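Please look over the sequence and the model shown here before reading on. The report is meant for a reader who is meeting such a description for the first time.

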Amino acid sequence: MIDKNSGNKKIEELQEQYSKTKYNKATNKYLGILRAKIAKIRREMESQGRKAGTGYAVRKTGNATVVLVGFPNAGKSSLLGVLTGVQSKVADYAFTTLEVIPGMLEYEGANIQVLDLPGLIQGAHVGRGGSLKIISVVRIADLILFVIDINRPQELYQLIEELEMLNIRINQKRPAVRLEKSFAGGVNIEGNGHRIPAKEIILSVLNEFKIFNGEIIFYSDTTDQQFVDFVADNCVYVRGAVALNKIDTVDQRRVDSARKEIESRTGLRVIPISAKMTENIEVLKGTVFSGLDLIRIYLKPKDGEADMKNPLVLESGATIIDVVRKINTKLLKSIRYAYVSGPSSKFPNQRVGEDHKVRDGDIVTVVFDF
Ligand SMILES: Nc1nc2c(ncn2[C@@H]2O[C@H](COP(=O)(O)OP(=O)(O)O)[C@@H](O)[C@H]2O)c(=O)[nH]1
Ligand SMILES: [Mg+2]
């Protein structure tokens with residue numbers, strides 16, 4: 001057991017040591033160990049937090065969930081209002097939003113849940129500002145939409161760093177590593193020609209997690225931090241995008257340069273908007289929708305017209321089976337085949353089996369065995 005205060009204090013100390021240590025060949029191993037120690041304490045605290053029921057009671061509803069993340073006063077509440085019609089309190093001072101406020105954005109047949117999150121503030125990762133609560137919400141997000149005041153772009157970098165500290169990785173791939181533990185024989189490393197951490201770092205990180213025997217196999221380039229993430233197994237990988245707000249307060253040149261700078265520094269998609277003047281909001285909705293990788297399927301009865309008004313919304317990668325599951329699970333056993341017209345078909349009314357992968361915009365007729 002580790003109590004919250006001593007855990008936070010320990011993390012703070014380790015983080016201080018970490019930032020004081022200059023990176024070089026000699027300190028590399030030491031830094032790896034520090035990272036592993038921090039990850040370990042945090043994992044322990046988080047699992048205790050979950051047991052204690054820390055976190056907001058937010059239920060995931062709709063086809064996908066978008067969480068608005070930004071500093072106080074960036075325009076989150078205003079944007080929630082513009083996107084969903086929900087009026088959370090908008091005020092000219094910081095810390096207005098103390099609870100999570102949900103809204104629903106209906107876009108092109110999809111119901112997208114939008115959550116306005118209490119402003120992340122610096123230091124949240126060490127417990128101030130209710131970090132466990134914030135993590136609990138961000139964990140259920142399919143997309144994090146950073147709401148950034150164009151006059152304070154540096155806040156974005158602080159937020160990303162803050163989320164990194166909370167073990168939330170934005171727009172990153174989960175490292176492709178495999179560990180097969182064994183009872184004897186030491187640690188065997190298989191790099192497969194990829195760029196991987198130095199052997200001494202791998203060993204000391206594993207050591208920190210009390211793993212002394214086994215085979216570790218890398219299937220992709222892996223940084224030291226990614227390796228720690230893999231062993232600690234406590235990271236969340238979430239997609240992200242940036243709503244660059246309040247563009248009505250600056251000229252177009254500022255908008256262009258801020259956008260370019262952010263995109264090149266973070267790789268995140270940036271959509272300049274004004275929540276106040278409802279400028280570029282449709283573009284934002286479109287970007288959010290496409291960022292969620294949702295697909296719309298239009299059902300067509302065998303001898304009738306397709307219902308183009310009420311698509312079924314599914315996650316990308318869905319098959320005919322998933323389409324039927326959405327209609328009625330009782331029908332699953334009776335699928336015979338389906339006819340598909342649209343992006344996933346080679347020609348109109350192509351006959352396909354139940355494992356056929358559908359795509360956004362397909363028109364589907366399912367034929368059943370009765
Ligand atoms: N000029 C301008 N002001 C905005 C815009 N969006 C929000 N604001 C103002 O910024 C302040 C903070 O907005 P709010 O939505 O409460 O931010 P939150 O703290 O992130 O929820 C309010 O006075 C809003 O009216 C915008 O696009 N342009
Ligand atoms: Mg607010």
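## Basis and overall make-up

This is a predicted model, in which local features need pLDDT of at least 70 and side-chain atom pairs count only at pLDDT 80 or more, whereas totals for chains, interfaces and linings use all residues. Residues are numbered from 1 along each chain as its sequence is written, chains are lettered from A and ligands numbered from 1 in the order in which they are written, and side-chain values use heavy atoms, with hydrogens and water left out.

The protein has 10 helices and 15 strands; these are DSSP runs numbered from the N terminus, with at least four residues of type H or I for a helix and at least two of type E for a strand. Of its 370 residues, 48% are buried, where buried means under 20% relative accessible area with a 1.4 Å probe, protein chains only. The accessible surface, taken from the Shrake-Rupley method with a 1.4 Å probe, comes to about 19,300 Å², and 49% of it belongs to carbon and sulfur atoms. Among contacts (heavy atoms within 4.5 Å) with a separation of 6 or more, 69% join residues 24 or more positions apart.

## The five-stranded sheet

Strands of a sheet pair through backbone hydrogen bonds, either parallel or antiparallel; here two strands count as paired if DSSP finds at least two bridges between them. One open sheet has 5 strands in the order E12-E11-E15-E13-E14, with mixed pairing. Strand E12 (312-315) and strand E14 (350-352) stand at the edges with a single partner strand each, so one side of each is left without a neighbour in the sheet. Neighbouring strands of this sheet are turned by 35 degrees against each other on average, direction ignored, where axes are lines fitted to C-alpha atoms, for helices over the stretch in contact, and angles run from 0 to 180 degrees between N-to-C directions.

Strands E11 (residues 294-299) and E15 (residues 363-368) run parallel and are joined by 2 bridges, and Leu-299 stands opposite Val-364 in E15. Helix H10 (residues 320-327) packs on this sheet, touching E11, E12, E13, E14 and E15, and its direction makes about 130 degrees with that of E12.

## The three-stranded sheet

Another open sheet, of 3 strands, has the order E6-E8-E7 and mixed pairing. Its edges are strand E6 (177-181) and strand E7 (187-190), each with a single partner strand, so one side of each is left without a neighbour in the sheet.

E6 pairs with strand E8 (residues 214-218) in the antiparallel sense over 5 bridges, and Glu-180 has Glu-215 in E8 as its bridge partner. Helix H6 (residues 199-208) packs on the sheet and touches E7 and E8.

## Nonpolar cores

A nonpolar core is a set of buried Ala, Val, Leu, Ile, Met, Phe, Trp, Tyr and Cys residues joined through side-chain atoms within 4.5 Å. The largest has 34 residues, and those with the most contacts inside it include Leu-117, Ile-144 and Phe-146. Helix H5 (154-165) is one of the elements that supply at least two residues of this core, and H5 gives the most, with 5 residues.

## Confidence

The pLDDT, the predictor's confidence in each residue from 0 to 100, averages 87 in the protein, and 89% of the residues score at least 70. Confidence is lowest in H4, at a mean of 72, and highest in strand E10 (residues 269-272), at 98. Over residues 91-97 the pLDDT is below 50. Where pLDDT is low, the predicted coordinates should not be read in detail.

How values were computed: Buried means under 20% relative accessible area, exposed over 50%, partly exposed in between (1.4 Å probe, protein chains only).
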